[in-house]
Amino acid sequence: MVAGQLGYDLIKELKKDINNEVYAPTSAEMNILDKDRVEEIITTLNPDYIFHCAAYTTVDTAEEECDKCYNINVLGTANIVAAAKQVNAKVIYISTDYVFDGQKEGEYYPEDECKPINIYGHTKYQGEREVINQLHNYLIARISWTFGINGNNFIKTMLRLAENGRKEISVVCDQIGSPSYTVDIVKALVELKGEIGIYHITNEDFCSWYELAKFIFAESGYTIEVHPVTSKEYNAKAKRPLNSKLNKGKIKNKLPHWKDGVKRFLKELKGEK
């Protein structure tokens with residue numbers, strides 16, 4: 001799907017190889033809830049790989065739109081998997097750190113038990129099970145805290161607040177993860193497309209949302225006072241895992257440090273090369 005952050009950069013990355021024939025339908029062209037339409041398109045194209053980037057990702061809203069979130073993330077995935085199975089296409093399913101409950105002290109490994117604590121996480125985990133239970137040829141890529149040029153993300157939100165004249169802001173300080181640049185993630189996805197199993201793909205090192213916000217403002221030249229608040233104080237509709245540290249040990253070519261990714265993304269936003 002071309003509307004999302006990841007799909008947008010993935011298409012650009014795949015098209016760098018002139019030998020790749022890339023078909024990227026919009027949700028209007030291929031509604032993944034329409035099983036017959038999904039089957040028609042996939043069996044006609046007979047692809048080698050299906051990068052399944054379509055998802056319901058609005059975490060807080062998902063708590064109220066449970067059915068819609070389930071339909072897209074689980075039933076939609078089941079439709080893609082069923083069609084892929086018919087033509088023996090490899091499915092590369094994009095998952096999330098939210099499949100974990102965040103209670104572990106160290107890093108989460110791909111084989112660790114999943115215990116999602118919000119609707120979004122539950123549905124993405126169920127999507128993983130659809131892939132694993134029905135296919136032998138698959139790659140599940142768990143990503144986290146993504147930012148890219150196409151779509152909304154935390155960095156764009158922080159910059160928008162700064163541009164609107166905010167002088168202070170409160171940001172959650174007790175959730176730890178890896179801010180990850182979609183440009184870096186898609187390069188790793190393409191490199192790993194021949195692998196099978198579950199992989200964690202994020203930029204290197206970890207920080208809190210509070211630390212990320214401070215870094216964004218410092219790099220962008222804004223003077224804004226950032227106040228740390230706990231998840232409990234912030235009181236979002238959906239619970240988030242406090243620990244989203246994903247272990248990337250299975251990846252041979254490590255992604256750049258998250259700070260490097262943020263710097264390059266800020267340049268991309270400014271239109272710099």
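Tutor: Since the model is predicted, local features need pLDDT of at least 70 and side-chain atom pairs count only at pLDDT 80 or more, while totals for chains, interfaces and linings use all residues. Residues are numbered from 1 along each chain as its sequence is written, and side-chain values use heavy atoms, with hydrogens and water left out.

Student: What makes β1 and β2 a pair?

Tutor: Strands are DSSP runs of E with at least two residues, helices are runs of H or I with at least four, and both are numbered from the N terminus. Two strands pair if DSSP finds at least two bridges between them. Four bridges join β1 to β2 (residues 90–96), so the two strands count as paired. They run parallel, and one of the bridges has H52 facing its partner Y93 in β2.

Student: Which strands make up the sheet, and in what order?

Tutor: The open sheet has four strands in the order β1-β2-β3-β8, with parallel pairing. Its edge strands are β1 (49–52) and β8 (197–200), because each pairs on one side only. From one strand to the next, the twist averages 20°. Helix α4 (residues 66–87) packs on this sheet and touches β1 and β2; the direction of α4 makes about 175° with that of β1. Such angles run from 0 to 180 degrees between N-to-C directions, with axes fitted as lines to C-alpha atoms, for helices over the stretch in contact.

Student: How do you know whether H52 is buried or exposed?

Tutor: Buried means under 20% relative accessible area, exposed means over 50%, and partly exposed lies in between (1.4 Å probe, protein chains only). H52 has a relative accessible area of 2%, so H52 is buried. This residue sits in strand β1. Leaving aside neighbours within four places in sequence, H52 is in contact (heavy atoms within 4.5 Å) with I32, T77, I80, V91, I92, Y93 and I94.

Student: Why is L33 called partly exposed?

Tutor: The relative accessibility of L33 is 39%, so L33 counts as partly exposed. L33 lies in the loop between α1 (5–14) and α2 (35–45).

Student: What makes L33, Y70 and L75 a patch?

Tutor: Patch residues have over 30% relative accessible area and no salt bridge; nonpolar side chains (Val, Leu, Ile, Met, Phe, Trp, Tyr) are joined within 5 Å, and like charges within 9 Å. L33, Y70 and L75 form a nonpolar patch on the surface, with about 240 Å² of accessible area together. The area comes from the Shrake-Rupley method with a 1.4 Å probe.

Student: Why is the contact between D60 and R240 called a salt bridge?

Tutor: A salt bridge needs a side-chain nitrogen of Lys or Arg within 4 Å of a carboxyl oxygen of Asp or Glu. The N to O distance between D60 and R240 is 2.6 Å, so the pair qualifies. D60 is in helix α3 (residues 59–62) and R240 is in the loop between α9 (231–234) and α10 (258–269), 180 residues apart. By this rule the count comes to eight salt bridges.
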